[in-house]
Amino acid sequence: MSDDPLDPGVMHGEAWQRFCETLMASSALVMGEGVPDSPRHRAEGFRYLTRFLEAGIVSCVAHNDPDYPVFGRMMDYTMPWGLDNPDCLYLYAPLRGGAEYRVFGHRGSACHIDFQVNFGHFANGDISSWGTVSSLDGLELETDDRGGFELVIGGEARDGNRLASNEDVEFLLVRQYFDDWEKEQPADLLIERVGATYPAPPPRTDQMAARLDQLSRWLEKGGELWQTMSRGFLSMPPNSLHIHRPADSGERAGLRGLAYGMGHFACGEDEAVIVEFSPPDCLYWGFALANYYWECVEFATRNSSLTRAQTLSSSDGQIRLVIAHEDPGVPNWLDPGQNEEGTLTARFLHADPVPEIRFQRVPFSRLRDFLPDDTPRIGGMERNEALALRRRAALRRYRM
């Protein structure tokens, strides 16, 4: 006998109708006042909407059964949003209070891995409504000599591979940070609810009504939040960066111990922007460029991001990154993907201290006048070979 409550929103189609109306209204994210209206921005904007919808389907519908959770990628190479990190593989699984879960598999060899139990949902569009209940990172994770492990989620905090939960929990977020894209391998992970019986039952009408309503909020409230955040950083002075210290980075579903730097880059067609800093002693650092829609600039076929393993320090020990629309023929090129402005991100994990970031905007034709005399030259063949390795490494990370 079915225990389905026969939710009228699904039985009569109103929940789907509300979702479709919200989907149509979401075109304001592309066509609304103040949104760039060049042909490129129109094409990029509607591509963003399809990607953002796809990501919402993952976390609001397809992977939203906390009794039978399955890991899904809430953002990846094909669906960037919310200022994604091109060095990170994000995995999402739903949770509910009162249940116990086990995550098991092999850790892989990513530079850093972090398991985070959170309440709230990104569909709320309200950062103050998100929070972290507990987290465990790769420095604390206990594995066997082959990298195998089991992690339990539920109840109170305990020593070992266990994460606390409470009645408000909604999802588990797993982040894997990659420094050396070519060598580091992703984890092999599964999640199960303890006590679940199989096969999984069919969905109920009330479940689908709730998931469609959450997907509508994802598009409306979530879309508004990311647009507001992007516009806020684009309103900063050109070529400036504000770093949020790591003391509270893990409080609102951010990565514990990570200093987040976000700012505004601006680089004309005939210009270059030199980003200079002293490399800190830390577990990981990375820089990336993002477009108006707060998507990371295409990062498999373009050098739009760089990590420590992908950069070369100058003879004076400084790191000098170069934002330029054309290949400058020097190390550490950041390709903005034809965006003359956008968001610049910097991430430093367990860095002490976090470095000061300096900017210098110079004519592209005179770039070498502002770099050390012994800066190496990168030829076209060498660059093409490096880009080919980068592309294969990035796409390999996201294969099924």
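This report walks through some charged residues, their salt bridges and their surroundings in a predicted model.

## Ground rules

Local features here need pLDDT of at least 70 and side-chain atom pairs count only at pLDDT 80 or more, while totals for chains, interfaces and linings use all residues. Residues are numbered from 1 along each chain as its sequence is written, and side-chain values use heavy atoms, with hydrogens and water left out.

## Salt bridges

The structure has 21 salt bridges (a side-chain nitrogen of Lys or Arg within 4 Å of a carboxyl oxygen of Asp or Glu). In one of them, Glu-100 meets Arg-162 at 2.8 Å, N to O. Glu-100 sits in the loop between strand 1 (88-94) and strand 2 (101-106) and Arg-162 in strand 6 (162-163), so this pair ties together parts 62 residues apart in sequence (strands are DSSP runs of E, at least two residues, and helices are runs of H or I, at least four, numbered from the N terminus).

Arg-162 is buried at 16% relative accessibility, whereas Glu-100 is partly exposed at 31% (buried means under 20% relative accessible area, exposed over 50%, partly exposed in between, with a 1.4 Å probe and protein chains only).

## A linked group

Glu-276, Asp-316, Arg-320 and Arg-358 join up in a salt-bridge network. Within this group, the side chains of Arg-320 and Asp-316 meet at 2.8 Å, N to O. Arg-320 is buried, at 11%, but Asp-316 is partly exposed, at 45%.

## Arg-51

Arg-51 belongs to helix 4 (residues 39-62) and is buried, with a relative accessible area of 15%. Leaving out residues up to four places away in sequence, Arg-51 touches Tyr-77, Thr-78, Met-79, Pro-80 and Glu-295 (contact means heavy atoms within 4.5 Å).
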